[in-house]
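User: Could you take me on a close look at the ligand site and what surrounds it?

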Amino acid sequence: METISDLEKQLGGMREFYLKGKTKEASWRIAQLKGLRNFLREKEEDIFEALKKDLRKHPVEAYRDELGILIKSLNLALNDLKKWMSSKTAKLPIIALLSSAEIIPEPLGLVLIISSWNFPLGLSLDPLIGAIAAGNAVVLKPSELAPACAALLAANIPNYLDSKAVKVIQGGPAVGEQLLQQKWDKIFFTGSTRVGRIIMLAATKHLTPVTLELGGKCPLVLDSLSWSLDKEVAVNRILFAKFGCCAGQACIAIDYLLAEKQFSSTLVNLLKAMVKKMFGENPKESCSISRIVNKDNFLRLKKLLDDPLVKASIVHGGQMDEDNLFIEPTILLDPPLESELMTEEIFGPLLPIITLEKIEDSIDFINSRPKPLALYAFTKNKTLQRRMITETSSGSVIFNDAIIQFAVDTLPFGGIGESGIGKYHGKFSFDTFSHYKSVARRSFLTDFWFRFPPWNNSKLLLLDSAYNYDYFGVVLVILGLKRSRKGFNIN
Ligand code: NAD
């Protein structure tokens, strides 16, 4: 990392470039978005290689969760950019007679994106697409824990994007802290709730707006009564959303499953059978499951299972290979609720099942914990669905599937409470990096005399009618054909 004065000089240069207005031009934004798409297309092999090095992600999984989603985001932004950038006419109240008004999106300025390692390209570039589309200058700090992807971005972004306005800075927490000391017009952060608090604190210095895409424990409620016909489909979807998506190292992975007690052994047997179908008899040999990102995270997950009461609850899996950073898809039945496994975000291939007497009890269970980023419920019971929506609070609620919301760019993606602040994806990303400026133009042709002092009761009556009626109503009040409110006792 450069010295603080080098960094300040570079950021000063970027801000100067931003102020010249180039990044606000539609043609500039389009050229950057096309450049990014060219990078993804031309360097596909290198991208797969980097994701394999960092996480042993299979290229198909990498395409499904990162590359494909990014290309889709870019296509959408390129297609809709002019529409997003256009100003919208605003309706005006009668009090602003003979005026026009519009709402114009303007970029925020120089923005900082700090991202996480589990989807090292997706979580860096998807916000970048929104920031560029909105016309900002951007510094991106990818995670140091996916070093191959961070290096790939740092080496290629300058060749495909305008380096006067888009810069990648590599490094870990120390570099992050240096960056946080600078003045930004927006900070977009993806990572843990712990670091999210540090970001928010740093942002107070300049009253910088923040988007915090954080984590937490996402529950899945499995209603046994209503899935009898679709067991295999449901279990497939559960396993995909726990083990088949970066080995559970995803913010919206299912963290734990809530199911009725009477149904638990059927469920466990089905899960076991389908794990074998998905990852084979020896999952360690499977190339379809990612590895744990590094030793620290491997040891963190191992420690969760080292608790003797947790270990005793394992009903499937539990094998680990530290040298290969491999953890077998592991299922646990009723581990202690006060264990770290059930109080901390798991972020790995361990799936605890917590049994309840009746599925409706899941609502209290969820409400007694921090608001999750996502709540999943497999149920066809419409009453339960309605109760899940109205009686719980979470970033999103998905019925009968999981994780798919990430790829739906018409839905805002973001958390609530401890799972985050703000939202992005699709047009919401553009909004996140824009300020919607109100512009009004008044004519000199006419004025409502009653908005100016000196005050009297007839002015009050006219003001009241202007706030309550349309033009016609006001004329009727003026003509004395419509009653207005009572006057004040004015001395
Ligand atoms: P992290 O908070 O440790 O790190 C995230 C980023 O912050 C990294 O780039 C890191 O270098 C940087 N950083 C760390 N300490 C910093 C500091 N003191 N000052 C400035 N920057 C600092 O998180 P992580 O380990 O990368 O990711 C795991 C967490 O992220 C999980 O909780 C997960 O749920 C969450 N996550 C959320 C989303 C989402 O979209 N909501 C996506 C992925 C991950």
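Analyst: Happy to! Three elements, α7 (173–180), β6 (186–190) and α8 (193–203), each give at least two residues to the shell around the ligand; helices (H or I, at least four residues) and strands (E, at least two) are DSSP runs, numbered from the N terminus. The largest share, four residues, is from α7.

This is a predicted model, where local features need pLDDT of at least 70, side-chain atom pairs count only at pLDDT 80 or more, and totals for chains, interfaces and linings use all residues. Residues are numbered from 1 along each chain as its sequence is written, and side-chain values use heavy atoms, leaving out hydrogens and water.

In total, 29 residues surround the ligand, each with a heavy atom within 4 Å of it. The closest are S115, E144, S192, L214 and E345. Domain 1 (4–214 + 426–437) and domain 2 (219–411) both contribute to this shell, so the ligand lies between them; the bounds come from an automatic or database domain assignment.

Now for the polar contacts (pairs of N or O atoms within 3.5 Å). A polar side-chain atom of S192 is 2.6 Å from a ligand oxygen atom, while a polar backbone atom of S115 sits 2.7 Å from an oxygen atom of the ligand. At L214, a backbone N or O atom is 2.6 Å from a nitrogen atom of the ligand. The protein buries 92% of the 840 Å² that the ligand exposes when taken alone (Shrake-Rupley method, 1.4 Å probe).

Conventions
Polar contact = N/O pair within 3.5 Å; in protein donor to acceptor, adjacent residues only side chain to side chain.
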